[in-house]
Amino acid sequence: MRIFDKSKYAGSPYPDIRQVIEKLAELGRVVVAVRGPGFSANLVGVVNLGEDGGDPVLRIKGCDCHIHLMWDKIHHHTLAYEDVGYGPAPVIYLLGEDGEPVVNLFPLDKTLEETDALRVSV
């Protein structure tokens with residue numbers, strides 16, 4: 001039997017990441033895109049920080065789901081545009097240690113100017 005090592009997910013988000021997620025919740029629904037080797041998943045709803053089994057998770061209200069993240073590996077965020085096939089859309093990237101996106105947050109029906117309020121610094 002394989003035992004899931006949940007200790008990797010026990011850390012809390014850095015303060016600026018926490019602030020971005022809290023502000024993002026005020027904008028309404030987003031597409032939360034997670035991608036990795038051999039997969040891509042899109043979850044749609046309002047995001048916030050929640051808990052699952054005592055660990056902090058990225059909760060997506062509307063799809064009744066959440067994502068366990070290794071918060072200690074998400075160091076920064078940035079705002080940009082990305083075209084996934086429907087034209088350029090604003091996106092907030094939660095960036096890993098290597099500066100590459102770990103989670104992509106696309107606010108629905110928002111402009112980059114509207115999402116610019118998500119810029120925070122600590």
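Start by selecting Asp109, which lies in the loop between S7 and H2. Helices (H or I, at least four residues) and strands (E, at least two) are DSSP runs, numbered from the N terminus. Asp109 has a positive phi of about 60° although it is not a glycine. With a relative accessible area of 78%, Asp109 is exposed; the cut-offs are under 20% for buried, over 50% for exposed and in between for partly exposed, using a 1.4 Å probe and protein chains only.

This is a predicted model, in which local features need pLDDT of at least 70, side-chain atom pairs count only at pLDDT 80 or more, and totals for chains, interfaces and linings use all residues. Residues are numbered from 1 along each chain as its sequence is written, and side-chain values use heavy atoms, with hydrogens and water left out.

**Colour by confidence**

Colour the chain by pLDDT, the predictor's confidence in each residue, from 0 to 100. The protein chain averages 90, and 98% of the residues score at least 70. Confidence is lowest in H2, at a mean of 80, and highest in S7, at 95.

**Lys110**

Select Lys110, found in the loop between strand S7 (101–107) and helix H2 (112–115). Lys110 is partly exposed, with a relative accessible area of 25%. Show its surroundings, counting as a contact any heavy atoms within 4.5 Å. Apart from neighbours within four places in sequence, Lys110 is in contact with Leu27, Pro90 and Thr115. Then draw a C-alpha to C-alpha distance from Lys110 to Val91: the two are 9.7 Å apart in space and 19 residues apart in sequence.

Next select strand S1 (residues 30–36) and strand S2 (residues 39–52), which pair in the antiparallel sense over 7 bridges. Two strands count as paired if DSSP finds at least two bridges between them. Val34 stands opposite Ala41 in S2. S1 and S2 form a hairpin with 2 residues between them, and Gly38 in the turn has a positive phi of about 85°.

Move on to strand S3 (residues 55–61), which runs antiparallel to S2 and is joined to S2 by 7 bridges. Asn48 has Arg59 in S3 as its bridge partner. The hairpin of S2 and S3 also has its turn to inspect: 2 residues lie between the strands, and Gly53 takes a positive phi near 60°.

Stay on Arg59 and look to the other strand: its bridge partner in S4 is His66. S3 and S4 pair in the antiparallel sense over 4 bridges. Their hairpin has 3 residues between the strands, with Gly62 in the turn at a positive phi of about 115°. Asp64 is in the loop between S3 and S4. Its phi is near 50°, a positive value in a residue other than glycine, and Asp64 is exposed, with a relative accessible area of 75%.

**Salt bridges**

A salt bridge here is a side-chain nitrogen of Lys or Arg within 4 Å of a carboxyl oxygen of Asp or Glu. By this rule the count comes to 2. Select Asp55 and Lys6, whose closest N and O atoms are 3.5 Å apart. The pair links distant parts of the chain, with Asp55 in strand S3 and Lys6 in the segment before helix H1 (15–27), 49 residues apart. Asp55 counts as buried at 7% relative accessibility, whereas Lys6 is partly exposed at 37%.

Now select Glu82 and Arg35, with closest N and O atoms 2.9 Å apart in their salt bridge. Glu82 lies in strand S5 (residues 74–83) and Arg35 in strand S1, so the pair ties together parts that are 47 residues apart in sequence. Glu82 is buried, with a relative accessible area of 16%, and Arg35 is partly exposed, at 39%.

**The largest pocket**

Finish at the largest pocket, where about 310 Å³ of space lies. Among the 18 residues that line the largest pocket, the closest to its centre are Val31, Val84, Tyr86, Ala89 and Phe106. The elements giving two or more residues to the lining are S1, S2, S5, strand S6 (88–96) and S7. On a 1 Å grid over the protein atoms alone, a pocket is an open set of points where a 1.4 Å probe fits, with protein on both sides within 12 Å along at least five of seven lines; lining residues have an atom within 4 Å of a point. Grid points are joined across faces, edges and corners, and the volume is the space filled by probe spheres set on the points.
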